[in-house]
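Colleague: I would like a close look at a single part of this model. Please take the helix packing and then whatever connects to it.

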Amino acid sequence: MQQRMMTPEEIAVQAAGDIPFLRLPDRHSVFSDRSARLRQLASGSTLGGYLELMARVADLQQALLTDQPPFPLPSSEHVAQCREHAMPPLNAQTLRRDPLWHDLLRRMLRTLAADAEGGLRTALVGLEGRRGEFYEAQASRLLANVPVGIDPATAPFIGAALQVYWTHLVTMLGQECFGRIDIPNICPCCGSPPVASVVRIGGDGGYRFLHCSLCAAEWHMVRVKCSSCGTTKGIHYFEVEGGSPAIKAECCDECDTYLKIFYQNKDAQVEPVADHLASIALDLLVSDTGKSASGVNLLFVHGDENAA
């Protein structure tokens, strides 16, 4: 029987013993860091206008998170039961959302609309005037990654409010409430898919972490392994010729998916959501090969509102 060779990271993990499995976001800087990176990436980009808008959104996300009023957290019994059964305690598919997140969304929209013009202002004002039932229906589709019935023009703002809500929940519960779960390719905190992965420097140098598209938590997964199906076969990489060496698409021939991967040793400023948003050219390159993205970016959503 032929034995599979371990990857360098698997060997390092085995030799070093425990490494941080989970990294929770820093609620004091998670969105401000994203905003700074978006503005940096906007300079000279063909997507500059949209990246600047999303930087403004990230500014507001940070302000809302900092000034977030308290609301009920899952009970200690619920958290303990989820840990016992290896399930995410803040499962985005099943957790009952407190309507307070509607207020987060409306506050964001009012602030954005005050400085907006034309079609953007019309969209923001229109969304702010919608009823809570609409917000909930759109949120359920977004969190289930179901494009049918989603309005792509307003989805990024709904997604941004949901990010604030779940980041608040995750950081208020704290590290001790979360453990490993049975499905390694979804967030152990909220059960959402990653937006991308990042190979970090510093204390976690050389290790890859998947970055949650919703709550911004990160969890470890060894490198050169498909983050979707778990295979180590048929893994290869694409990058844009002449583009940043810090950005690649990790492709899997077994399940025909890809996930972007960012390398901090090539660019220490990479931020998974911002860099994912700014590297649409890489998505276009990989999509020509027939592979589909396994990552989700709530700030850039494809939808079909008319199909609802």
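Colleague: Which residues in α5 meet which residues in α8?

Modeller: This is a predicted model. On the α5 side, the residues are Trp-101, Leu-104, Leu-105, Met-108, Leu-109 and Leu-112, and they meet Phe-157, Ile-158, Ala-160, Ala-161, Leu-162, Val-164 and Tyr-165 in α8. As for the geometry, the axes of α5 (residues 100-115) and α8 come within 9 Å and cross at roughly 130°. Angles over 145 degrees count as roughly antiparallel and those from 65 to 115 as roughly perpendicular, so the two helices, α5 and α8, are oblique to each other. The crossing in which α5 passes α8 is right-handed.

In soluble globular proteins, nonpolar side chains tend to be buried together.

Turning to the strands, β2 (residues 194-199) is mostly covered, with six of its six residues buried. β2 runs antiparallel to β3 (residues 208-212), joined by five bridges, and Pro-194 stands opposite Cys-212 there. With β7 (residues 257-263), β2 pairs in the parallel sense over three bridges; in that pairing Val-199 stands opposite Tyr-263.

Conventions
Residues are numbered from 1 along each chain as its sequence is written. This is a predicted model: local features need pLDDT of at least 70, side-chain atom pairs count only at pLDDT 80 or more; totals for chains, interfaces and linings use all residues. Side-chain values use heavy atoms; hydrogens and water are left out. Buried means under 20% relative accessible area, exposed over 50%, partly exposed in between (1.4 Å probe, protein chains only). Helices (H or I, at least four residues) and strands (E, at least two) are DSSP runs, numbered from the N terminus. Two strands pair if DSSP finds at least two bridges between them. Axes are lines fitted to C-alpha atoms, for helices over the stretch in contact, and angles run from 0 to 180 degrees between N-to-C directions. Angles under 35 degrees count as roughly parallel, over 145 as roughly antiparallel, 65 to 115 as roughly perpendicular and the rest as oblique. A crossing is left-handed if the near helix is turned anticlockwise from the far one by less than a right angle, and right-handed if clockwise. Contact means heavy atoms within 4.5 Å.
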